[in-house]
Amino acid sequence: MTINVNKDPDHSRAQARSMCAVMALALVWPLAACGREDTSAAPRPVAARGALQAEEQAVVTLFEQSAPSVAYITTETVQRGTFGGAEVSQGAGSGFVWDASGHVVTNFHVVKGARKVFVRLDAGKPIEAEPVGGAAEYDLAVLRLKTVPKNLRPVPVGTSRDLRIGQTVYAIGNPFGLQRTLTKGLVSALDRELPTANFREVAGVIQTDAAINPGNSGGPLLDSAGRLIGVNTAIRSASGSSSGIGFAIPVDLVNRVVPSLINRGHAPLPGIGVTPISPDQVARAGISGVVLGAVGRGSPAASAGLVPYNPQNGDLGDVIVGVNGKPVQTLSTFVGELERAGIDATVELSVRRGDKERKVRVKVIDLRA
């Protein structure tokens, strides 16, 4: 094999000079480019915005006036550890200032079982609070600040009796621990029922599509005038996050229950003096209505002649199937109707025994009195 080699030294030197020139150009060109002034990289001038639209300004004002009344609540709860020891867990929720005396309203489930509760208002430091009263049946609780700041701003109280579907509503709270979050939505539906404790349901619940997430519980639901119309308490979601279906306890109920919690530590519990059989057992038996497991001696139910189930002979006794003309198929519906009637009211019960149905009048009493 023959290999041709260029032995001309002048040619070789020319090639080397050419390559050096190319490399030098490659190094110098970027530096030259960087050295040129590029005025397009300067900050752009800010365009004039003008005044906020009237609707925007109204929302901004609502938030600025309402936010100082909203509380960020944190709790410490002692729980049994994995290996039997005690562990301290922390929780968080929302609330709002009820009065100038330092009472703060929240959900019962936010502070349930807590050994310590702290409340942060606006941008201030956490203030320790003590429970004053709670009502699991309404999912409401009242705290009292141990140190009451000056110039507390109680949230203005509205009414829920004249709400209309389609009204604009606003929720302020602390979802996922993010303080003072504002969301906007509509009243999506009215008169929903919300299961709580002891087979009871809160009637007249407000449904909204305003974003409500974990941590919003106990915070206020406001109307466009900045008035309290409900207490955000629950969401309906498979994932546990907002899916556009949130629920708030109506303020008319809150305004009735909270003073009782402050004055007596508990809320009135409407009833007629009966102990119902578990709704699960009644449903499994295919029975529609409220089956009585016991009737209290001297109670309104006893005075009306109601007879409970007799386990010895299997006699079903009296089954309550209606209240004030409204059919009652479940215990929660029955309790809701007693709530609607109120303490000291007289209700007409539709009672079925065997194949016969009769009407009886019974007084609603406070079972906790």
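## Asn107

The side chain of Asn107 reaches the backbone oxygen of Asp139 at 2.9 Å. This model is predicted: local features need pLDDT of at least 70, side-chain atom pairs count only at pLDDT 80 or more, and totals for chains, interfaces and linings use all residues. Residues are numbered from 1 along each chain as its sequence is written, and side-chain values use heavy atoms, without hydrogens or water.

Asn107 sits in the loop between β3 (103-106) and α3 (108-111); helices (H or I, at least four residues) and strands (E, at least two) are DSSP runs numbered from the N terminus. Asn107 counts as buried because its relative accessibility is 0%; buried means under 20% relative accessible area (1.4 Å probe, protein chains only). Beyond its neighbours within four places in sequence, Asn107 has contacts (heavy atoms within 4.5 Å) that include Asp139, Leu140, Ser217 and Ile249.

## Whole protein

The protein has seven helices and 20 strands. Of its 369 residues, 39% count as buried. Among contacts with a separation of 6 or more, 60% join residues 24 or more positions apart.

## Largest pocket

A pocket here is an open set of points on a 1 Å grid over the protein atoms alone, where a 1.4 Å probe fits, with protein on both sides within 12 Å along at least five of seven lines; lining residues have an atom within 4 Å of a point. The largest pocket is lined by 17 residues, and Ala203, Gly204, Pro250, Asp252 and Arg340 lie nearest its centre. Two or more lining residues come from each of β8 (181-195), β9 (201-208), α4 (251-264) and α7 (331-341). β9 gives the most, with five residues.

Key:
Buried < 20%, exposed > 50% of the residue type's maximum accessible area, 1.4 Å probe, protein only. Polar contact = N/O pair within 3.5 Å; in protein donor to acceptor, adjacent residues only side chain to side chain.
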